[in-house]
Every structure is written in C-alpha cells, then in structure tokens.
Amino acid sequence: MNYGFVKVAAAVPHVQVADCFYNIDKIEGLMRKASKKGVQVIAFPELSVTAYTCLDLFTQKTLVDGAEAALLKLLDNTADLDILAIVGMPLRTENRLINAAVVFQKGAIRGVVPKTYLPNYKEFQEQRWFTSATELQKSTIEIGKKEYPLGSHLLFKSGQLTIGIEICEDLWVPVPPSSLLAMEGANIIFNLSASNEQIGKHAYLRSLICQQSARCMAGYVYASSGFGESSTDLVFAGNGIIAENGNLLAESPRFTMEEQLTISDIDIETLQNDRLANTSFMYGASDLLKEKVQIVDFQLQVPDRFSLTRPVDPHPFTPSGDTLKERCEEIFQIQVAGLAKRLVHTHAQTAVVGISGGLDSTLALLITVMTFDALKIPRKQIIGITMPGFGTTDRTYTNACDLIRSLGVTLKEISIKEACLQHFRDINHDPSIHDVTYENSQARERTQLLMDIANQKNGLVIGTGDLSELALGWATYNGDHMSMYGVNGSIPKTLVKNLVEWVANNKVDNTSRLTLLDIVDTPISPELIPADENGNIKQKTEDLVGPYELHDFFLYHFLRFGSHPSKIYFLAQKAFAGIYDNATIKKWLYIFFRRFFQQQFKRNCLPDGPKVGSVSLSPRGDWRMPSDAVSQLWLEETERINISPD
C-alpha cells in the first residue's frame, strides 16, 4: 500500500431489469474506468448482475442460469484487470436461492458472501425468494462447476487490508454483521445495496453509514442501485457513499440518469492505530464471535505512481463552512465550563490574566470574560495586567490596553524593565547580551508578578499558553509555562487565531472588534528582545521555530493517528501544495520532531486545563511520554525522505 491508503470505489452502473449480459457489459466498463484511475477495490450494487427489481423472475431458471453465465463471461472479460471487484447476484446452493456478493479478481472468484438479513416488510419481499446466510449449512458454493468459499463471515485479506462485506438490510439491523466483521479484523466494509428513495431516508442513510464506520473504526463503501432499477412502484436514486471512521469522504450525486463512479482513499494505518489506541474495541469479542471466520488471501495491486484522491485539510484543527458557528460555540462552552468549575471550587474572587496584545492572552481574556458573565461575577473583578518589557512595541501595548478597557476589565500596568535590570545585576548578566537568560528572565518576572497579585487579590492566574507552544516547548519553564489554570492548553495556535477572529466578527462591539482584528493581524512574537529601529516587532516566532500551520498539521497527524514522518511529509505535500516547497516542509518536520522529544519535560508538569478536541498533551490523560525518550527513529526517517521536485 501507499502510506496505508487503499483506493476504493462505489459504482452505480446502468442496468436493465433481467438483462444480465447488458448489465455485465456496463459493470465491465466501470471496472476498466476505475482501474485506469488507480482503484484497487470496487463494489457494485446489490443484485447488479440481474437488477434488484426482478421480483418473481428470481424463481425462473432462465434468469438464474443467465446470471451465472453472465458472471462467467464477466470473469473472462476482466481477467486482465488487477482490480478486486464485488458484484451482487442471485445464486443457487443447497436447493435454495441466496442474495449474494461475489468477489473476484483477474478472472477468478475469490469467495461469495450471502445476505444475512432479508427484509420482508412494506415494499420488500426478499424472503419470498431468498434464504438467509444463517440457514446455510455448507461453507462452499459451486459456480461454473467449481467450488468457492461461502459465508457471511468471509474476510478477504491482503497485507494490512482486510475486507468484510454486508448487503443492504444488514446495515439497518440493531447488530449489523459489519460490527462483528470489524471485530474479526475487517477494516473496510463494503455494502452492496438496493435501497429505494423516500422522503428523509437519504439523510438517515448517510448518518447510518457514518455512524457505523465510526463504531467499527473502519472504512465503509456503500454502492446502491440507480436509475435503471426504478421499476413499477419504486424509485432508486443511485448512491455511492464512502466514509471513514465517522467522516464522509465522498458521495455521488443522486437522481442522475448517468452512471456513477465514486472514488476515494481509505487510510488503513490510521484505522489500525485507532483500534490499538481504543482498548475497549474488542470488549465482548469472546461472547459475540461465535461463527468461524474464513480468511481468503488475495494480492492487492499497488500502482507504480500513487495519487491520492481524497483532499487533505491543511488546517485540521480549525472548523469552517457550515460547522464554524457550532464548533466555535462548543469550544468556548468547554473552556468556560472548565474555568468556571475551578473558580467555584477554589472560591476565587478574582482572575488575573497577563495581557500582551498577542493572540494567546487575548483568547484567555475572552474566555475569562465569558466565564465571569456565566457566573454573574462583575467583569471588574478580572484583573488584566499589561507588563511592558524591553521588546514591547507600541502596537501590542496599545492593543492590550484597548482590549482590557473595551471589555470592561480592570486594567493594571506594571513595567518589568527595572525589575529585570536589577535581576541582571544580581546574577551578573550583561543586559546587552540578548541570549536565553535575557529572554527567560522577563518571562519569569512576569509570571512572578501575576502569581503574587493573584495571592493579594484571592484570585487565580489564568494561563495563556497554547497546545502548539507546548508541543514545540516554546515556553519559558516556570515562566509563561506555569499558571493556576491553563484555558488554552489544548487549543493549537491555528485554532486560537480562528477563535479570536470569530469572536471579533460575532460576539463583541465594534471597538473590541477592531482591536481583536488588529491582534489577529499582528506577527506572533514573545517580544523579549528590543524592537527594530522603526519600533516594529523584530523577534518573530515563526521565523525561529517555523510556520505554526505546518507544526499544527504535523502535530495533528502525529498524535491523532500515530503517523510516521514520511507519511506526514507525503500528506503535507498535498495539503500545502503551492504554499511551501518540499525542502521547507522537510526542514520544519525535522525540527518539529526534534523539539517535540526534547521538550517533553515541560509537558510533564503542566497545570490543569480543559480538554477540547481529540488531540491533547495533558500528562494526566492523553499523552504520557517519558521525559527522556530518544527521537532518533523519527529523525532518521525524516532525514531519509527523498525531496522530489515540487
């Protein structure tokens, strides 16, 4: 496989009811089209060889014989194709008829999966013709005078990929076969379906597919009948839907009279990582898995040049589109609820926030204001402290003061310059040497002031550091690294910017809005060394540690999916094409891993803070890592990455 991806397709071909040879011709055409696009596994709708709406014609020997003859011809016609295909058709076995999925590759049948749950209500009458998989005795079936594996617990395996199959109604029952197939090892489920349209049914179906893919921690490929099946009383719209672990990756348009080929890539590696991380995934397996599993091995063909079909989000932490308002509201509610509990529990009368005029302290102040409003505590009991130092610019100073005033918070200003100069004299440090001692002394002086004022005012120091800074160790140990409650601890920098901008445009008056938007546009900087000759910020964080959008991307895929460096690089190439060249991506990826491992000791003593998303570095919950773990394996793999031409 290529970085764990398998390219799959859900096909909706033209069909004519009971015209088997016409139907297999259309199936072959879509197989060839998919093969040219690099598809490795393709599924067609339920009973696609005959069409689903044949009704009592299923009892006719002519139709069933014709279906078998058409299948054998399809095998001969596609013997040159490496693609693994799954088609639906009626088959005879044990003096009964089954609604079956036939799996074949390179002209050879690999196995047959019978439908388990046969609907027999309202417009469905399948028990009139077919027998459930639960009633079958044999584990093989004869097709064209040869025997092939048969069973509802048949799995098709190639390397990391394990395929399970269910058919239409199987998905709709309380315990779908796919749930058991997933526990037996299937990481992609293919569903061959013929589901007719009703008002509201499609939305439920999409939800059902996404939920089942999440419950099974699997890919789910759904292929359902289209226009040609719309016979007599039923209408079929054609549905090709591909989901992965709760996320909809691709779907076909509905109610089209054209054939459909829906293609995407399923990431097997991330699915397997999630299953390993979720130790409850296999709970109950010994009680639930009663059937004997049959494994059929096959060879998944990997194209020479792999091209990823699915999009890669360059900003995986930030909401957008229709979900923006809902997600932002929810994030703020989580942060507010966490801080509110801490304030109530400690009987704190005030909150102390150091305001720099930068993004992180701005978000922390906004959260504190929202929390005090929710607790019906006057905003004046929030103390916003600006502490100008040697690198503070007029822009950030003005923004800090303006924001504190416009939000109705108590403003307190304390310059740290004289205290730091005295400290430099005490430790015999030359203040003209702008080294790490010069910078960190300022951060620790500010933290001391915040802590002491919080003690004076019976309050809590609200931390401002974010998830990205924690990942990179971009914080002064026992300086801005420390607080009494860190509200931004699981908010990455790209999301901090997104949230502040959203508040500016939706939650505050015009005066605060203008200040917030200017803060968003201000270069990210700790402002610990003097400004340039024009009074502008000289020390820009992203010039030193790299672009935060890259580091947040690396962090997400490293922690959320356990992705290895070369895969992260591959995904970043696609996500940031035209923005960063390959050499730049590799450079900062190396620095990410080096800093991430070096700085774990800072994360191991973090203050409490609310978990917001699926990625967190809290040493008490999500991320327990030795402080002295060696990064050599990750760095060596990063070094081996071959930088291809952009």
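I began with cysteines, taking a disulfide to be a pair of cysteine sulfur atoms within 2.5 Å. I worked on a predicted model, in which local features need pLDDT of at least 70 and side-chain atom pairs count only at pLDDT 80 or more, while totals for chains, interfaces and linings use all residues. Residues are numbered from 1 along each chain as its sequence is written, and side-chain values use heavy atoms, with hydrogens and water left out.

**Entry: cysteines.** By the sulfur rule I found zero disulfides. I looked up Cys168, whose sulfur lies 15 Å from the closest cysteine sulfur, that of Cys54, which is too far for a bond. For Cys210 the closest cysteine sulfur is in Cys216, at 13 Å, again too far for a bond. I call a residue buried under 20% relative accessible area, exposed over 50% and partly exposed in between (1.4 Å probe, protein chains only). Cys168 is buried at 6%, and Cys210 is also buried, at 15% relative accessibility.

**Entry: strand 1.** I took helices (H or I, at least four residues) and strands (E, at least two) as DSSP runs, numbered from the N terminus. Strand 1 covers residues 5–12, and eight of its eight residues are buried, so the strand is largely enclosed by the rest of the structure. In a regular strand the side chains alternate between the two faces of the sheet. Here Phe5, Lys7, Ala9 and Ala11 point one way, while Val6, Val8, Ala10 and Val12 point the other way, and all are buried.

I counted two strands as paired if DSSP finds at least two bridges between them. Strand 1 pairs with strand 14 (residues 260–267) in the antiparallel sense over eight bridges, and Val6 has Ile266 of strand 14 as its bridge partner. Strand 1 runs parallel to strand 2 (residues 41–43), to which three bridges join it, with Ile42 of strand 2 as the bridge partner of Ala9. Between strand 1 and strand 2 the chain passes through helix 1 (residues 20–36), and I noted this β-α-β crossover as right-handed, meaning that, with the strands pointing away from the viewer, the path from the first strand over the helix to the second runs clockwise.

Entry: I then traced an open sheet of seven strands in the order 13-12-11-10-9-8-15, with mixed pairing. Its edge strands, each pairing on one side only, are strand 13 (247–251) and strand 15 (294–297). Within the sheet, strand 11 (residues 219–224) and strand 12 (residues 239–244) pair in the antiparallel sense over six bridges, and Ser224 stands opposite Asn239 of strand 12.

**Entry: aromatic rings.** I paired rings of Phe, Tyr and Trp (its six-membered ring) if their centres lie within 6.5 Å, with planes under 30 degrees apart counted as stacked, over 60 as edge-to-face and the rest as tilted. The count comes to 29 aromatic pairs. One of them joins Trp129 and Phe130 edge-to-face, at 6.3 Å centre to centre and 75° between the planes; Trp129 is buried at 12% relative accessibility and Phe130 is buried at 4%. The pair of Tyr556 and Phe561 has its ring centres 5.6 Å apart and its planes at 85°, so I recorded it as edge-to-face, and both residues are buried. I also noted a cluster in which ring pairs link Phe554, Phe558, Phe592, Phe593, Phe596, Phe597, Trp623 and Trp634.

**Entry: charges over rings.** I required NZ of Lys or CZ of Arg within 6 Å of the ring centre and within 35 degrees of the ring normal. Arg603 lies over the face of Phe596, at 4.0 Å from the ring centre, and the charged end of Lys493 sits over the ring of Tyr548, 5.1 Å from its centre.
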